[in-house]
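Hello,

Here is the structure for your files. My notes on it follow below.

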Amino acid sequence: MAHRIVAPPPLSDHELQVEAVAFLDARGHWLTAAATRRVAAVREFFRQHAYLRRDLLRERAEEERRAGRLALELFSRAAQRVRWLLTTGEGPTTRIHGAEAGRDLGLLFAGTDSGLDGLASERDQRWNLNHPHPLPPTGFRASRVHGGASPREDPTHHLAFYAMFGASNESFLEEQLNRLMGTLSDLGPPDDQHLAWDGIDLGRQLGDPRFDVNAWLWKTVGDPGQVPRVAEAVAS
């Protein structure tokens, strides 16, 4: 029977909570046992301490990079983490701070949280996974990667930068301005233009609690066929 190619599964809420609490414990940031069991308390702590949130995102991504995960996997898992950390409320009152999530992704993959000022300003490379050794463009489908891509042509950089634009949209007019700026910035390689549109569309949905960011990324820009298959046990 042919093997069905599927995207990597999303992180569970339990996984995200466990790693967040472990991160705090390792750094001596004390929360009561009762507080660590309360998802809202853990999230609120990270929402109020952006530098710790960004340290967590960078640390987990670096560990996963060393473990050999694909670049798109790193991006997807970081996006899932930051949305979980920036979620408030429950049920019908659930809200995700999408604009802040976009800025965190911008820092982690593009070295800036200031999309409006461009990549040349407000850089902070402490959290930048693409500095000084860019991620390879693994996990991305061919239509989102330069034909003769060099190691410095990394799709996560463009995707994160334009996600900041999309996440900051507050009006249809601003969205059109963002698309225009994306076009002007990337008049060269058509692959970058695709990623600009993809990034803006991604950013617009970061604050929607119903949005499945992992499924969207693999469906829109990913190639699940690149994901290493887990060896299947064969009965003797």
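R54 lies over the face of W127, at 6.0 Å from the ring centre (a charge sits over a ring if NZ of Lys or CZ of Arg is within 6 Å of the ring centre and within 35 degrees of the ring normal). This is a predicted model, in which local features need pLDDT of at least 70 and side-chain atom pairs count only at pLDDT 80 or more, while totals for chains, interfaces and linings use all residues. Residues are numbered from 1 along each chain as its sequence is written, and side-chain values use heavy atoms, with hydrogens and water left out.

There are seven aromatic pairs in the structure (rings of Phe, Tyr and Trp, the last by its six-membered ring, pair if their centres lie within 6.5 Å; planes under 30 degrees apart are stacked, over 60 edge-to-face, the rest tilted). The ring centres of F75 and F109 are 4.9 Å apart with planes at 40°, so this pair is tilted. Both F75 and F109 are buried (under 20% relative accessible area; exposed is over 50%, partly exposed in between, with a 1.4 Å probe and protein chains only). For F161 and Y162 the centres are 5.1 Å apart and the planes at 75°, so the pair is edge-to-face. F161 counts as buried because its relative accessibility is 7%; Y162 is buried too, at 2%. One aromatic cluster is formed by F23, F45 and F46.

D13 has 51% relative accessibility and therefore counts as exposed. The C-alpha atoms of D13 and R81 are 9.3 Å apart, though the two are 68 residues apart along the chain.

Regards
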